[in-house]
Amino acid sequence: MLIVLQLYFSFHSNDRQTEEAPVLSDMAEVEDTLKRIQGINGVIGTIVVNAEGIPIKTTLDNSTTVQYAGLLHQLTMKARSTVRDIDPQNDLTFLRIRSKKHEIMVSTDKEYLLIVIQNPAE
Amino acid sequence: MADRSDLKAELERKKQRLAQIREEKKRREEERKKKESEMLQRTENVSEDSDLDRKRRETEALLQSIGISPEPPLVPTPMSPSSQSVSPPSETGSQESIDGGTVGRYRTLQWDTDPSALQLLADSVHGCRMQRLGASKIVQIDFMPKELVTYCKETQTPVASDQPEEEEDEELSVTKSEPVPQQLEEESSQEAEEVHPRELTNEEKEQIVHSEDFLFFFDRSIRVMERVLAEDTDIFFDYSGRDMQDKEGDMQAGSNLSFNRHFYDEHWSKHRVVTSLDWSPQYPELLVASYNTNEDAPHEPDGVVLVWNMKFKKMTPEYIFHCQSSVMSVGFAQFHPNLVIGGTYSGQIALWDNRSHRRTPVQRTPLSATAHTHPVYCVNVVGTQNANNLITVSTDGKMCSWSLDMLSQPQESMELIYNKSKPVAVTCMAFPASDVNNYVVGSEEGTVYTASRHGSKAGIGEMFDGHQGPVTGISCHNAVGPVDFSHLFTTSSFDWTVKLWSTKHNKPLYSFEDNADYVYDVMWSPVHPALFATVDGNGRLDLWNLNNYTEVPSASVTVEGGCALNRVRWASGGREVAVGDSEGRVWIYDVGEQLAVPHTDDWSKFARTLMEIRANRGDGEEEGVLELPA
């Protein structure tokens with residue numbers, strides 16, 4: 001019994017040493033994924049924003065990015081505080097703004113925002 | 001002209017600095033006095049007078065005569081302001097910032113070697129006595145060039161385009177007029193990480209993108225986002241005035257077998273053969289597919305397992321798992337919704353968990369003689385929620401039974417040997433419905449065997465001879481209904497035939513010979529008693545309904561591309577069929593209602609069909625039929 005347990009643990013440590021343990025997507029895949037999203041029909045742009053509203057990755061030009069990032073960051077903060085005020089245990093996960101011309105989708109967690117602007121009519 | 005104004009500015013700054021120096025002087029005088037008293041105490045305490053100490057004291061005395069207090073330098077040289085050097089505005093800007101910073105730092109810099117600075121102090125103290133010019137250090141401080149803000153005009157409404165233009169103009173004008181304070185602000189903001197949006201440097205962005213937190217967030221968000229993007233339902237659709245677009249997946253209500261969708265990933269499926277498929281028992285829309293090596297990409301992992309989602313229209317896999325060796329068989333763990341089990345070419349069993357964020361297996365069996373050392377083509381979880389085992393069989397005839405908690409060694413292992421002489425090279429295995437002890441295996445020699453795990457007859461039982469080529473697929477009847485057909489199983493083989501057997505007879509009941517190529521897989525429908533699907537090397541998917549015809553398939557379709565089809569799996573509802581081909585594509589076909597959904601009398605019809613089949617066979621061949629004990 002004891003020997004068996006030892007084997008189990010040592011096997012696990014070998015496992016960790018030998019495996020490369022790549023996280024689910026590394027840098028190149030992040031780029032590829034963003035390109036793929038951008039290539040989907042109707043997608044106008046994709047922006048990744050950090051917790052302070054500073055854009056980290058974008059497929060749009062700088063001024064538009066800064067504008068979207070700033071405005072959507074504020075809106076997301078407001079939406080999050082709304083959700084939290086109603087129920088403190090709750091938190092905002094996804095925000096979708098549908099306008100006449102575009103649809104802006106914001107996926108959010110504690111630290112980052114992923115913004116995708118789409119033209120849904122296509 | 002520009003030089004003059006520059007010089008004037010410099011002179012002004014120097015004057016300011018001089019004033020500061022004078023203030024510091026006074027403070028330093030006081031401190032120096034304190035230090036001197038300390039020094040005297042120290043000299044009293046120290047018994048030995050070393051050379052070094054003496055020299056130090058001499059130099060200190062010398063410097064004190066000039067008026068500099070003896071303090072060790074704290075800040076490295078490059079920061080020392082060289083007041084007399086001709087410096088570009090940016091450097092003076094840096095000097096200013098340093099002035100703006102702690103004064104103490106500035107003071108200690110004076111201790112450093114710069115003779116011009118010393119001279120400056122001397123002048124300040126003694127009132128411009130000597131003017132001595134000397135070589136001074138040129139300090140070079142690099143600032144990253146200010147990023148050019150470019151604005152590309154896009155087609156937007158006039159209101160939207162004005163605002164960004166204004167913003168841009170403001171930024172440009174601000175930068176032009178006051179370069180120095182702007183850069184100062186930038187520095188401080190970057191250091192202090194202010195709230196209002198500033199651009200991060202590329203290095204900072206790279207750092208963020210490489211961080212684990214970001215990658216977790218990105219993976220989760222991208223999954224959701226892709227699902228959302230793929231759904232193109234228009235919630236504002238107006239039925240009154242507009243033309244209705246053709247909906248995707250046209251309703252072919254009459255057809256029996258219609259193409260639904262296919263799953264293919266450019267990166268992970270290309271040039272790989274689909275070796276195995278399985279549907280999830282808990283989430284009927286999830287399908288797992290395993291792929292073998294991609295010879296064109298030697299640096300990619302040999303074994304890839306992808307979990308696809310039928311519910312959403314997105315074309316990318318839900319989960320991607322890797323393994324160092326080709327995965328030959330895969331399955332969802334029956335009673336553990338998060339686990340995916342794969343049997344590999346090297347004989348290792350790999351276990352992936354979709355709760356972990358890793359793509360590599362969380363557990364693997366060891367490559368040892370206690371486990372498998374040959375390719376594992378069959379993995380199956382049998383048992384109940386509380387007592388379940390993973391059964392794996394490799395091509396050297398070894399059957400191992402594992403517990404999913406501990407894959408470091410099998411709970412039990414058994415050699416499948418027929419007649420005590422030769423081990424069976426198992427290529428496929430199937431358990432009849434609700435049986436955990438007895439199972440059937442097909443071998444490379446073309447023979448089929450029954451086997452049992454426990455009991456007096458543990459190991460290989462009977463032999464079923466009939467195929468002339470390796471058996472590629474075996475399937476036990478598992479539709480549950482009024483009549484029990486669980487003794488039936490079908491096999492497919494390289495000899496272009498599919499055979500129907502009963503465990504009670506060691507010769508096939510019927511042989512289906514409609515194919516013109518190797519038949520690679522066969523599977524009974526989970527709901528219809530008389531329906532099974534076969535795939536062959538010509539790219540043909542056949543559905544046989546034995547209540548209709550036994551000579552020809554009731555529905556047949558050739559998959560686009562004409563690649564050989566390697567695997568077929570019915571979805572648990574019996575309405576969809578997943579087919580994997582040799583180019584890495586998984587095709588999902590919908591089966592029409594008339595064919596897929598059984599009627600209540602289908603069971604009795606099938607019983608009658610079976611009797612007819614037996615009767616016909618009985619007429620044809622009398623010899624060699626052994627009635628085996630049930």
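Trainee: Which residues have the most contacts inside the largest nonpolar core?

Mentor: Bearing in mind that this is a predicted model, the largest nonpolar core has 22 residues. The ones with the most contacts inside this core come from chains A and B, namely Val30(A), Val116(A), Phe214(B), Phe218(B) and Leu229(B).

Trainee: Which element supplies the largest share of this core?

Mentor: At least two residues each are supplied by α2 (27-39), β1 (43-49) and β5 (113-118) of chain A, and likewise by α8 and α9 (212-230) of chain B. With eight residues, the largest share comes from α9(B).

Trainee: Which residues does Leu229(B) touch, leaving aside those up to four places away in sequence?

Mentor: Leu229(B) is one of the residues with the most contacts inside the largest core. Once residues up to four places away in sequence are set aside, Leu229(B) touches Ile37(A), Ile40(A), Val43(A), Met105(A), Val116(A) and Gln118(A).

Trainee: Why do the buried residues of α8(B) line one face of the helix?

Mentor: In α8 of chain B, which covers residues 202-210, the buried residues are Lys205(B), Ile208(B) and Val209(B). Glu203(B) and Gln207(B), by contrast, are exposed on the other side of α8(B). The buried residues line one face because, when the helix is viewed down its axis, they fall within an arc of 95°.

Trainee: Is Ile474(B) buried or exposed, and what is its relative accessible area?

Mentor: Ile474(B) belongs to strand β20 of chain B, residues 471-476, and among the residues it touches, beyond those up to four places away in sequence, are Val440(B), Val448(B), Phe489(B) and Val522(B). Since buried means under 20% relative accessible area, Ile474(B) counts as buried, its value being 9%.

Trainee: Which strands stand at the edges of the open sheet of four strands in chain B?

Mentor: The order of this open sheet is β6-β7-β8-β9 in chain B, and the pairing is antiparallel. Two of these strands have a single partner strand each, so one side of each is left without a neighbour in the sheet. These edge strands are β6 (327-332) and β9 (363-364) of chain B.

Trainee: Which residue of β8(B) stands opposite Leu339(B)?

Mentor: Strands β7 (residues 339-344) and β8 (residues 349-353) of chain B run antiparallel and are joined by five bridges. The residue of β8(B) that stands opposite Leu339(B) is Asp353(B).

Conventions
Residues numbered from 1 in each chain as written. Chains lettered and ligands numbered in written order. Predicted model: local features only at pLDDT ≥ 70, side-chain atom pairs only at ≥ 80, totals over all residues. Heavy atoms only, no water. Buried < 20%, exposed > 50% of the residue type's maximum accessible area, 1.4 Å probe, protein only. Arc of directions from axis to C-beta. Contact = heavy atoms within 4.5 Å. Core = buried A, V, L, I, M, F, W, Y, C linked by side-chain atoms within 4.5 Å. Pairing = 2+ DSSP bridges.
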